[in-house]
Number of protein chains: 2
Amino acid sequence: MNNFTYWSPTEFVFGRNTISKTAHLLKKYNGTNVLIHYGEQFAVKSGLLNDIETLLQHHFIHYVKLGGVQPNPMDTLVYEGIELCRKENVNFILAVGGGSVIDSAKAIASGVYYASDFRNFFEGNVTINRALPVGTILTIPAAGSEGSDRMVITQKDGLLKRGTKSPFLRPVFSILDPVLSFSLPAYQTASGIADMMGHIMERYFSRTQGVEVSDRMCEGLLKAIIKESPTVLNEPENYDARANIMWAGMLAHNDICGVGREEDWATHKLEHELSALYGVTHGAGLAVMFPAWMKYVYTSGIDKFVQFAVRVWDIKETDNKNETALKGIESLKNFFSMLGLPVSLAELNIPNPDINTLIEKLAMNTGGRTGAFRQLDMEDAEAIYRIAAK
Amino acid sequence: MNNFTYWSPTEFVFGRNTISKTAHLLKKYNGTNVLIHYGEQFAVKSGLLNDIETLLQHHFIHYVKLGGVQPNPMDTLVYEGIELCRKENVNFILAVGGGSVIDSAKAIASGVYYASDFRNFFEGNVTINRALPVGTILTIPAAGSEGSDRMVITQKDGLLKRGTKSPFLRPVFSILDPVLSFSLPAYQTASGIADMMGHIMERYFSRTQGVEVSDRMCEGLLKAIIKESPTVLNEPENYDARANIMWAGMLAHNDICGVGREEDWATHKLEHELSALYGVTHGAGLAVMFPAWMKYVYTSGIDKFVQFAVRVWDIKETDNKNETALKGIESLKNFFSMLGLPVSLAELNIPNPDINTLIEKLAMNTGGRTGAFRQLDMEDAEAIYRIAAK
């Protein structure tokens, strides 16, 4: 096990009708002049935004609003948010939405105090050392940004999707009401599930030895997600199933699964290029890229793939490690299919992927190398895109 | 799943040589005038206390010292600590030791700002609403106090062992260096393991439905502990095994296993009377009381006990639920025996337990009823002590 620091200070308020605690939490964390940040669809149409405004008015909490966050959130709106916060002396950002809204809020929060271009934070040579406090009201269980120290923003110039992390990006509070996810369409629900499973697997597939506790955390979370997934799809208003999926999405990414080990993240890098170039839903892209990545790398760490097959998918272990490992990978792929997700680029409506451009952008974003379980160069990455194509 | 708030803001700094971060962490959390609080044995004899003093001196951090905390820490020393902190204007308490030292530090921290007797916090009608910040350097993986919002103190008058919780009791940082546990004797190591397993099982055995994620967290942690335990006993200096056990001890009690459910805690209440009256090691007492409690209550929630047997102990499920459940309980008892722990009051060197006195004190501490998985009255409690006797 490697040395690590684990710090997850977010106050999670979970359950039915927890939105009613918004004003109390804003006061607790000194949010007196708030930017409410939200997306294009759900917050407005569902009446949620209206409810929150009423609550804040009732408690005499001043606020301004900025909506319009799109999936794969754009830097253009972030610049707008930074301007608005400075102009209005905002001291708290309340993100109402899924991972895209929360990430956009985090980018604004960290950009407000930074005199230069916030995109420098993604270049690796500028550290975030101050940010406005962010609170979240989560509507889509998927990205885990409600409990994570990370953000991903798409740069409009060149469609580059870039991520970074900092302790200052941890939300101070997150309200998770599973009822808000009842109306989430099946495809988005399934994509969210693939997203959270991806966050676990990026941590799980590690070469670091002696991490039994966090391995078991990863495996337990995956098993719980696998069990609850058919229920949320068949009974979208099943509270307990929605609740378990929503809580799993947070745990998948707040780092409890990753402590003490080298993480991988190659599959996310490969997928980010798909999202940036083709605008695909991140989770759906992961459902395509994970089995492809696994098929390419499993021989480099066969024992971990055998463990994955046996402990997560209940595959009976035999002497033939390759066979056991492949059965685990196949189980994951079948599971994604069963959720209605694409498992090839063709199924993702990209019949002729522009692999040259994908690789070119990937090389630019990674310096030509990515991954840790097996370090990939751009030839490896190309081979994985080709496996994913079919 | 029930509504819940989960807030675990402690900064955990984990790994080899992490003691070197003590001064940095004290500065980060404004500890400029520190009380170093420690026990009777390890901190002094191992040289650890000396190392910490040298570090603080080197960084010009002022400190005073209070040692002498005993297992099952006493209120008498807490009063002394409160006086000392007030007299010296201490603004931070650094606990160097195991759960007893940390709990004693928490009691001092919450008592300093309270004008009346700190023991009122344990009566349920006075709330802790302020406390000095506490940092910990953990030497014994067991109690989980390094990451919990709880404390247990023994009152010298009448030997009452009482617990309470408050968000103000969460340490601001905890340094966990597994190397510090290398010299822990086998019996204390095993007792610590029973203690952390107890913290998980008090949460796991719940009547709340729809808690698959936290059930899987509990089961995964138990399985990891079961796997690593023989190694720490056979190879006390095996870093990875010690590290997994140390991290598991924190996770067992910071509430990640308990969110969204009604917890039980009857077995802890039963054991606290043993500790208070006979001074037994808490974990060893739990190793006796848990199987006894289980044998008495399992028919009240047979499905959970079947799940425990199947998922944690790999018992093959059959149509005979009673048989499966009992095999799980027997597996736990055998596991404790294998660790060298007592599994009866006789083996705990209490051949003739004074059950009347135990019940009398238990009635006083619980109001005559305890537990939630099955609510126990004092007749039930007496029956469980009798099962434990043999």
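Trainee: Which residue of E1(B) stands opposite A:Thr5?
Mentor: This is a predicted model, where local features need pLDDT of at least 70, side-chain atom pairs count only at 80 or more, and totals for chains, interfaces and linings use all residues. Residues are numbered from 1 along each chain as its sequence is written, with chains lettered from A and ligands numbered from 1 in written order. In E1(B), the residue opposite A:Thr5 is B:Val13.

Trainee: How many bridges join E1(A) to E1(B)?
Mentor: Strands are DSSP runs of at least two residues (E), helices of at least four (H or I), numbered from the N terminus. Strands pair if DSSP finds at least two bridges between them. E1 of chain B spans residues 4-14 and runs antiparallel to E1(A). The bridges joining them number 8.

Trainee: Which element supplies the largest share of the side of chain A that touches chain B?
Mentor: Contact means C-beta atoms, placed from the backbone, within 7 Å. By that test, 35 residues of chain A touch 37 of chain B. Strand E1 (4-14), helix H7 (212-234) and helix H8 (239-251) of chain A each supply at least two residues of that side. The largest share, 11 residues, comes from H7(A).

Key
Contact = placed C-beta atoms within 7 Å.
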